[in-house]
Amino acid sequence: MINIKENMVTIKIDGEPVKAKKGATVLEIAIKNDVYIPNLCHSSQLDPWGACRLCMVENQEGRLITSCEARVEDGMEIVTESDEINRGRILVAQLLIANHEMDCLTCAQDDHCQLQEVTSYLGIQKEHLNNLRRKVVEIPVDVSNPFFVRDLKKCVLCGICVRVCNEVLGVNAVGFGFRGYETKITTFQDKPLLESNCVSCGECVVACPVGALVPKETLSPSREVKTVCSYCGVGCNIFLGLRDEKIVQVRGDPESAVNEGNLCVRAVTLTDSLIIRNA
Ligand code: SF4
Ligand code: SF4
Ligand code: SF4
């Protein structure tokens, strides 16, 4: 029998003791306890990646560690905020924004964007970018997919789409291509998504933390209904976003043990094909 107590450790986050499951990461425990640590490359459905370096925290030895990779240990003491930590985070965030096409007002991700959340948390102002600003690389927007748009001028190279497509779905439609400043997310031979082996499941769109991957249908729902997808026998738990009795959004239920927030292409097409009756 599993002894639940033996499976737990106690750590301190900013002086507050919290219980944590052995094997969990510091970032996971912070999120669970409503402590915000800036991050862009973390996804609850993926293994730690440690790419964006925004989630740095200080441990009891005064060392800066990436909280998405650090596993909890009994007696660990974590500080999430200090001038030194924030100096590092601000530099990372400034470099990310320096080449980012900022058009938040018309961006479909406005108000749900993790880059906005990070910059606002760190208090980054436009004038902080003057010394860093470089030309935004002109990459044409890929509108070939019937369901979503890919605008790599807004990509922060967090790698989430690549890992979701490869590790979760096993499709391998996208990967990192080119080198250095030219690095970008590509398909095989850098073809438009429609000519790649992408199966349009939309998982990367749901997981992208910024406006680089957004659905073509971008109306915000006025309410959501929790239901079960009826396309096949798997029974994925989904939320249908409704507006004027039409489905304008579908998202997987992250709390569901059946699909853990994931969806397949059939659920994604619900937005175009169905109208809710008696809702
Ligand atoms: S991705 Fe985020 S920061 Fe960039 S334009 Fe869109 S809302 Fe603004
Ligand atoms: S829509 Fe699905 S298959 Fe296509 S690139 Fe994204 S995750 Fe991969
Ligand atoms: S397209 Fe989105 S998910 Fe993929 S690397 Fe860029 S920012 Fe990350």
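The shell around ligand 3 divides into 11 nonpolar residues, 1 polar residue and no charged residue. Here Ala, Val, Leu, Ile, Met, Phe, Trp, Tyr, Cys and Pro count as nonpolar, Asp, Glu, Lys and Arg as charged, and the others, Gly among them, as polar. The residues around ligand 3 include Cys 155, Cys 158, Cys 161 and Cys 208, together with Gly 159. A residue is placed near the ligand if its C-beta atom, placed from the backbone, lies within 6 Å.

This is a predicted model, in which local features need pLDDT of at least 70 and side-chain atom pairs count only at pLDDT 80 or more, while totals for chains, interfaces and linings use all residues. Residues are numbered from 1 along each chain as its sequence is written, and chains are lettered from A and ligands numbered from 1 in the order in which they are written.

The protein has 7 helices and 12 strands; helices (H or I, at least four residues) and strands (E, at least two) are DSSP runs, numbered from the N terminus. Its radius of gyration, taken over C-alpha atoms, is 20 Å, close to the 19 Å that the globule rule gives for 279 residues, so the protein is as compact as a globular protein of that length. The globule rule is 2.2 Å times the number of residues to the power 0.38. Along the principal axes, the C-alpha atoms fill a box of roughly 55 × 55 × 35 Å.

Buried residues make up 29% of the 279 residues, a residue being buried if 20 or more other C-beta atoms, placed from the backbone, lie within 10 Å of its own. Gly 202 is buried, with 25 other C-beta atoms within 10 Å. Gly 202 sits in the loop between β8 (184–186) and α5 (203–207).

An open sheet is formed by 3 strands in the order β10-β11-β12, with antiparallel pairing. The edge strands, each pairing on one side only, are β10 (223–228) and β12 (246–252). Two strands pair if DSSP finds at least two bridges between them. Strand β11 (residues 237–243) pairs with β12 over 6 bridges, including those tabulated here.

| Residue | Bridge partner in β12 |
|---|---|
| Ile 238 | Gly 252 |
| Gly 241 | Gln 249 |

The hairpin of β11 and β12 has 2 residues between the strands, and Asp 244 takes a positive phi near 50° there.

Notes:
A residue is buried if 20 or more other C-beta atoms lie within 10 Å of its own, exposed if 12 or fewer, and partly exposed in between; C-beta atoms are placed from the backbone.
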